[in-house]
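The following paragraphs are intended for a reader who meets this structure for the first time. Please keep the sequence and the model in view while reading.

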Amino acid sequence: MKKLYIIGSGGFGREVLWLVERINQVNKLWDIQGFIDDDKALCGRIENNYKILGDCEYLGSLKENIYVAIAIGSPKIKEKIVNKLSKFSNVYFATLVDPSVLYSEQVKIGEGSIICAGTIITVNIEIGKHVIINLDCTVGHDSIIEDYATILPSVNLSGNTITKKYTTIGTGAKIIQGITIGENVMVGAGTVVIRDIEGNCTVVGNPAKVIKEF
């Protein structure tokens, strides 16, 4: 079994813990060590029977090879943590897929990505590195989800869609076929996207409208 540390002890961190426990029920792959959190005030706290062991620097102090799962929704914070941990030669990034996920052999999943229960990913789909696809999502044929994107629960991505880096798609959003959502976009909960979205903005509504540009 591979030793695994979960980075982030909040709600999603505890959900990822559950995901790993579900994987182990099918195939004992992961030896769960506990949580890592850069909030030093949390060190020593117990969350769902596992201890918060320290911050990211703690991982670098370990002599053995280990794996981490980054249970952080914010794309830019995820990237900062990846960059911080990449300097440690003993740290590797776990790719976690819940046993209930349906996906074909034509799906490529990048390292460090987390795909949660109840999701369906069909055919000829590329999922980048450090992507989160949360509970009960669907991803249609020939879609691309780039690095560090976060897809929140119950999102429907139709076929031939492109979700660019750092983008977050909110709970229950629906993206129709052939749409490209640009880099660093926040798609609000329940939004229906029927036209391409340029990068660096927030969109909400049905149909989606830009309400803020960065």
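P207 is placed in the loop between β24 and β25; strands, like helices, are DSSP runs numbered from the N terminus, with at least two residues (E) for a strand and at least four (H or I) for a helix. The peptide bond that leads from N206 to P207 is cis, and its omega is near 0°. The model is a predicted one, in which local features need pLDDT of at least 70 and side-chain atom pairs count only at pLDDT 80 or more, while totals for chains, interfaces and linings use all residues. Residues are numbered from 1 along each chain as its sequence is written, and side-chain values use heavy atoms, with hydrogens and water left out.

Strand β25 (residues 209-213) is hardly covered, since the count of buried residues among its five residues is zero. Here buried means under 20% relative accessible area, exposed means over 50%, and partly exposed lies in between (1.4 Å probe, protein chains only).

Positive phi values also occur in residues other than glycine. N48, in the loop between β3 (46-47) and β4 (50-54), has a positive phi of about 50°, and this residue is partly exposed at a relative accessible area of 43%. N184, in the loop between β21 (180-181) and β22 (185-187), has a phi near 60°.

We now turn to a sheet. Six strands form an open sheet in the order β3-β4-β2-β1-β5-β6, with mixed pairing. Because β3 and β6 (91-93) stand at the edges with a single partner strand each, one side of each is left without a neighbour in the sheet. β3 and β4 run antiparallel and are joined by two bridges, and I46 stands opposite K51 in β4. Helix α1 (residues 11-26) packs on the sheet and touches β1 (2-7), β2 (30-36), β3, β4 and β5 (66-70), its direction making about 175° with that of β2. Contact means heavy atoms within 4.5 Å; axes are lines fitted to C-alpha atoms, for helices over the stretch in contact, and angles run from 0 to 180 degrees between N-to-C directions. Helix α3 (residues 75-85) also packs on the sheet, touching β1, β5 and β6, and its direction makes about 165° with that of β5.

How many aromatic pairs does the structure hold? There are four, where rings of Phe, Tyr and Trp (its six-membered ring) pair if their centres lie within 6.5 Å, and planes under 30 degrees apart count as stacked, over 60 as edge-to-face and the rest as tilted. One of them joins W30 and Y67 edge-to-face, at 5.5 Å centre to centre and 70° between the planes. This pair links distant parts of the chain, with W30 in strand β2 and Y67 in strand β5, 37 residues apart. W30 is buried at 7% relative accessible area, whereas Y67 is partly exposed at 22%. Another pair, Y148 and Y166, is stacked because the ring centres are 5.9 Å apart and the planes lie at 15°.

Technical notes:
Two strands pair if DSSP finds at least two bridges between them.
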